[in-house]
Amino acid sequence: MKTFKKPLTSAEEREYLKLLKEGDQTARDILIEHNMRLVAHIIKKYAFTDKEMDDLLSIGTIGLIKAVNTFNPDRGNKLSSYAAKCIDNEILMLLRSEKKRSREVSLYEPIGTDKEGNEINLMDVIEMDEREISELVAMKEDLKKLYEAYETCLSDKEKKVIRFRYGLFGSDEYTQREIAKALGISRSYVSRIEKGALAKMKRYMQ
């Protein structure tokens with residue numbers, strides 16, 4: 001990761017925000033440069049995505065620029081708190097957009113598996129008989145409940161572990177050891193989080 005300038009003191013930040021409000025574009029650049037560490041910190045949360053860190057840094061920087069351009073100190077918020085939300089939003093918008101595009105599949109691209117574990121595509125579904133389709137619909141309903149349990153029952157840390165342990169939302173699958181290393185916790189702690197999260201989801205689905 002690149003080396004970035006140290007954050008401004010509260011007094012310095014107030015001064016540059018005042019100058020920016022008066023139209024000083026140099027003050028704007030300084031506020032952006034001295035908040036790049038915040039961008040670098042936030043993008044670490046998305047290390048498990050298939051995006052390169054430099055790409056995430058670029059997208060996060062766009063969020064930071066938008067934050068500096070639209071921040072209103074009169075509302076009593078800290079620039080860093082406001083910027084963190086803008087950076088997160090910018091990255092999430094990109095990931096959601098890519099996820100949406102990934103759903104645009106052809107008739108012959110895999111969309112799931114049947115009960116024997118064989119890949120199926122849209123053309124297979126079209127050619128299924130009524131009984132097979134009803135079984136597939138039931139499977140899709142179970143999958144929908146699973147995702148509802150994920151969104152409803154789990155904490156942010158549990159969601160992160162389950163997401164990357166089982167490759168949800170287009171993510172690759174990772175071992176407990178890999179997740180532990182990325183999160184800076186022990187493998188046994190990852191195992192406990194995983195077991196607890198799965199138990200919550202099971203209770204919800206029952």
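Trainee: Where in the chain is the place of Lys6?

Mentor: First, the ground rules: residues are numbered from 1 along each chain as its sequence is written, and this is a predicted model in which local features need pLDDT of at least 70, side-chain atom pairs count only at pLDDT 80 or more, and totals for chains, interfaces and linings use all residues. Side-chain values use heavy atoms, with hydrogens and water left out. Helices (H or I, at least four residues) and strands (E, at least two) are DSSP runs, numbered from the N terminus. Lys6 sits in the segment before α1.

Trainee: Is Lys6 buried or exposed?

Mentor: Buried means under 20% relative accessible area, exposed over 50%, and partly exposed in between, with a 1.4 Å probe and protein chains only. Lys6 has a relative accessible area of 62%, so Lys6 is exposed.

Trainee: Which residues is Lys6 in contact with, leaving aside its neighbours within four places in sequence?

Mentor: Contact means heavy atoms within 4.5 Å. With those neighbours left aside, Lys6 is in contact with His34 and Arg37. Lys6 and Arg37 are 31 residues apart along the chain, and their C-alpha atoms are separated by 7.6 Å.

Trainee: What does the chain look like overall, in helices and strands?

Mentor: There are 10 helices and 2 strands in the chain. Along the sequence the pattern is α-α-α-α-α-β-β-α-α-α-α-α. Of the 206 residues in the chain, 32% are buried. Take the contacts between residues at least 6 apart in sequence: 50% of them join residues at least 24 apart.

Trainee: How is Tyr46 placed, and is Tyr46 buried or exposed?

Mentor: Tyr46 lies in the loop between α3 and α4. Its relative accessibility is 8%, so Tyr46 counts as buried. Leaving aside neighbours within four places in sequence, Tyr46 is in contact with Leu56, Asp88, Ile91, Leu92 and Leu95. One of these, Leu92, is 46 residues from Tyr46 in sequence and 9.5 Å from Tyr46 in space, C-alpha to C-alpha.

Trainee: And where does Ala47 lie?

Mentor: Ala47 is in the loop between α3 (36–43) and α4. With a relative accessible area of 41%, Ala47 is partly exposed. The C-alpha atoms of Ala47 and Leu183 are separated by 9.9 Å, although the two residues are 136 residues apart along the chain.

Trainee: How many aromatic pairs does the structure hold?

Mentor: Rings of Phe, Tyr and Trp (its six-membered ring) pair if their centres lie within 6.5 Å; planes under 30 degrees apart count as stacked, over 60 as edge-to-face and the rest as tilted. The structure holds 2 such pairs. In one, the rings of Phe71 and Tyr82 have centres 5.7 Å apart and planes at 45 degrees, so the pair is tilted. Phe71 lies in the loop between α4 (53–70) and α5 (79–102) and Tyr82 in helix α5, so the pair ties together parts that are 11 residues apart in sequence. Phe71 is buried, at a relative accessible area of 12%, whereas Tyr82 is partly exposed, at 25%.

Trainee: What type of pair do Phe164 and Tyr174 form?

Mentor: Phe164 and Tyr174 form an edge-to-face pair, 6.1 Å centre to centre with 75 degrees between the planes. Phe164 belongs to helix α8 (residues 156–166) and Tyr174 to the loop between α8 and α9, so this pair ties together parts that are 10 residues apart in sequence. Phe164 counts as buried at 2% relative accessibility, and Tyr174 is buried with a relative accessible area of 18%.

Trainee: What of Arg177: is Arg177 buried or exposed?

Mentor: Arg177 is exposed, with a relative accessible area of 59%. Arg177 lies in helix α9 (residues 176–183). Between Arg177 and Ser188 there are 8.7 Å in space, C-alpha to C-alpha, and the two are 11 residues apart in sequence.
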